[in-house]
Amino acid sequence: KPGTVIVGAGQGGYQLAASLREFGYAEPIVLIGEETEQPYQRPPLSKAFLLGEMAAERLAFRSPDFYEKQNIELITGARAMTIDPIARRVELQTGAALGYDHLVLATGARNRALPVPGADSDGVMYLRTLADSHAIRERFERAQDIVVIGAGFIGLELAAVASKVRKTVTVVEALPRVMSRAVTPIVSDFYAGEHRRWGVDLICDAGVGALDASDGKVSKVVLSDGRRIPADLVLVGIGVAPAIELAMQAGVAVDNGIVVDANLSTADPRISAIGDCASFPLGQRYMRLESVQNAVDQARCVARRIVGRSEPYSPVPWFWSDQRDLKLQMVGLTAGAERCVVRGSIEKRAFSVFCFTGETLIGVESVNSGGDHIFGRRLLNAGESISPDEAGDSSFDFRERIA
Ligand code: FAD
């Protein structure tokens with residue numbers, strides 16, 4: 001009997017299977033994952049796991065018997081190759097075919113490749129999977145001169161780990177400031193300063209022209225202005241592209257991700273998409289978010305719809321990044337903020353940036369200030385605001401506002 005088939009056994013796929021059972025769904029669930037491991041969390045891969053401070057077994061979402069106990073058929077090491085939307089069938093690389101009532105694409109994203117000569121040399125690495133993290137860990141031990149390309153979250157987390165274990169670390173970023181897609185200039189400047197204090201040579205506004213190699217092994221990163229940086233390990237973190245090939249093959253619309261409506265359904269009501277691969281309406285525009293929050297909440301949203309408790313997806317996005325002893329937590333989307341108010345102390349490395357359009361709070365970026373983050377989440381979830389003056393007033397007590 002066909003039930004729900006989920007393609008992709010990552011954060012979103014696992015959560016959907018678990019939530020369906022939690023919400024009382026009694027039909028068959030098949031969870032198909034291309035990777036060989038049981039579903040696991042990715043965030044530690046660039047943090048505690050890479051530092052050797054977290055065992056691989058602790059990455060798994062659940063103990064191995066969870067899937068059997070919950071009657072979830074987990075098929076690992078299997079890639080879904082084609083979808084027949086008319087016959088409602090998915091075909092795997094193994095040749096097996098699975099029928100479905102609901103098909104959910106939770107295929108995630110894949111790393112963008114560095115498009116320069118020499119990028120295929122030995123010692124040029126990317127991080128997305130547990131296997132990648134294992135491979136980087138191994139190389140880390142032998143490497144001394146590490147160049148990180150891209151100062152987004154993953155690039156900076158890698159740089160934080162590498163500098164902690166006393167490697168020579170250079171970060172090359174094409175844009176003028178770090179993490180610029182996601183945070184305000186105040187937070188970018190603070191993190192740039194911290195990385196430099198940790199000994200990282202941070203070079204912004206710099207393009208990479210080529211990678212030099214000797215005997216097939218990477219030896220230098222050549223910048224567009226001709227500078228050459230010695231490297232025996234190059235870690236590339238220049239963003240991801242949504243995994244859309246399966247959707248395209250099935251004739252499902254794609255546009256920077258698999259296009260879904262406010263209920264996360266594609267134009268085919270039997271096919272939904274969640275997580276990093278899904279482009280969904282948020283306010284006036286379509287967005288793709290790459291975060292645990294988004295994958296988990298979208299999974300729950302689709303699980304509710306499948307069990308007949310449909311509710312549109314209207315998230316307050318949040319995210320975190322750990323770099324050494326700094327915990328960055330963000331809520332809301334702060335791009336385009338008209339006014340930023342700092343609360344706390346940048347010098348003491350514990351502060352938040354409250355971001356406003358007009359008098360309305362649109363997001364909060366917190367560094368080592370978990371209380372502000374939680375307050376911001378509660379406020380934005382409740383559709384409420386505080387004024388810029390209140391945000392900047394250290395005597396203003398948040399607890400009075402949210403009971
Ligand atoms: P994924 O978890 O990527 O899962 C997709 C799965 O689908 C993959 O296993 C893939 O192999 C599989 N797949 C794809 N195509 C097929 C196919 N045809 N057949 C079968 N299987 C297929 N987010 C945060 O909020 N905070 C963080 O600190 C943070 N740190 C991160 C650190 C790293 C190193 C990485 C890589 C990500 C991090 N993220 C973080 C992002 C977060 O992990 C992702 O947003 C989240 O995993 C997205 O979930 P997903 O289910 O959409 O995709």
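Start by selecting β17 and β19 (residues 278–282): two bridges join these strands, which run parallel. Strands here are DSSP runs of E, at least two residues long, numbered from the N terminus. Two strands pair if DSSP finds at least two bridges between them. Now pick V259: its bridge partner in β19 is S279.

The three strands form an open sheet in the order β17-β19-β20, with mixed pairing. β17 (258–259) and β20 (285–287) each have a single partner strand, so one side of each is left without a neighbour in the sheet.

A word on the model. It is predicted: local features need pLDDT of at least 70, side-chain atom pairs count only at pLDDT 80 or more, and totals for chains, interfaces and linings use all residues. Residues are numbered from 1 along each chain as its sequence is written.

Next, colour by domain, with bounds from an automatic or database domain assignment. Select domain 1 (3–110 + 240–306), domain 2 (113–236) and domain 3 (325–401). The C-alpha centres of domain 1 and domain 3 lie 32 Å apart.

Which residues are closest to the ligand? Select G8, G10, G12, G108 and G275. In total, 36 residues surround the ligand; a residue counts as near if its C-beta atom, placed from the backbone, lies within 6 Å. Domain 1 and domain 2 both give residues to this shell, so the ligand lies between them.

Finally, show α1 (11–22), β2 (29–33), α7 (292–306) and β21 (318–323): each supplies at least two shell residues. Helices are DSSP runs of H or I, at least four residues long.
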